[in-house]
Amino acid sequence: YLVNGRKLDRLDELHNTASRPAAVHFDIGSGDGSYALQHARRHPGTAVVAVEPNHASIAEAARRAARDSSNANAWFVLGSLDALPGPFEGVASSVSILFPWGSLLRAVAAPERDQLARISRLCAPGARIEVVTAIEPAADAGELRRLGLEGLSLEATAQGWCGAGFRDVALAALDNDHPYQTTWWRKIRQRNGRTAVLLSARAP
């Protein structure tokens, strides 16, 4: 569903609109939409689609966007990776998944082949995918155990993405002032052991 303030609409209008621009960016697991709004302002010619399963979070982001004309290219969808690509097969020219948690973290870090296939189908050939994590093994041990990610290795994660057909897969440590300044990152950036790591890839 497309979120418009407190109203939920069908996705037809978004699909028709998001098919026109030269570039379409999907921010999956967008949280409060802060990064999606930043991206929309920096790239006014790009349709930016924020996808988030929490209705309260995404509705507030939609209301904030409606108050600022510079966010006219930002769209907000109530949903999750499990619902993609839906009507957006082959639409995305770029995708971001920033500081995922819960099932979304498991999907991209395990990684789960069926979920990577959803990302691949969402993307146009060669689309750039950026996944940023900031896992601290000791502090996050309980959640990693719950998700079956004990002993998580991002090198193994990258190999899994390669095995799923993604190209140019690379890992890079980021400094605290990296471009992916979500609300969550600003909360955790000063905690010991939290280093943001970018996994970048190209869609098949």
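Student: Why is Gln-190 called exposed?

Tutor: Its relative accessibility is 61%. Exposed means over 50% relative accessible area, buried under 20%, and partly exposed in between, with a 1.4 Å probe and protein chains only. Gln-190 therefore counts as exposed. Gln-190 sits in the loop between α8 and β9 (197-202). Helices (H or I, at least four residues) and strands (E, at least two) are DSSP runs, numbered from the N terminus.

Student: What are these values based on?

Tutor: This is a predicted model, in which local features need pLDDT of at least 70 and side-chain atom pairs count only at pLDDT 80 or more, while totals for chains, interfaces and linings use all residues. Residues are numbered from 1 along each chain as its sequence is written, and side-chain values use heavy atoms, with hydrogens and water left out.

Student: Why is Asp-168 counted as exposed?

Tutor: Asp-168 has 55% relative accessibility, so it counts as exposed. Asp-168 belongs to strand β8 (residues 167-173). Its phi is near 50 degrees, a positive value in a residue other than glycine.

Student: Is Phe-99 buried or exposed?

Tutor: Buried, because its relative accessible area is 9%. Phe-99 lies in the loop between β6 and α4. Phe-99 too is not a glycine, yet has a positive phi of about 50 degrees.

Student: What makes helix α2 largely enclosed by the rest of the structure?

Tutor: Seven of the nine residues in α2 (residues 34-42) are buried, so the helix is largely enclosed. Among them are Tyr-35, Leu-37 and His-39.

Student: What do the buried residues of α2 pack against?

Tutor: Their partners are β3 (23-28), β4 (46-52), α3 (55-66), β5 (74-78), β6 (92-98) and α8 (183-188). Contact means heavy atoms within 4.5 Å.

Student: Which residues of α3 are buried?

Tutor: Ile-58, Ala-59, Ala-61, Ala-62 and Ala-65. They cover an arc of only 160 degrees around the axis, which puts them on the same side of α3. The arc is that of the directions from the helix axis to the C-beta atoms.

Student: How many residues does α3 have, and what is its reach from first C-alpha to last?

Tutor: α3 has twelve residues and reaches 16 Å, close to the 16 Å expected at 1.5 Å a residue. The expected span is 1.5 Å times one less than the number of residues.
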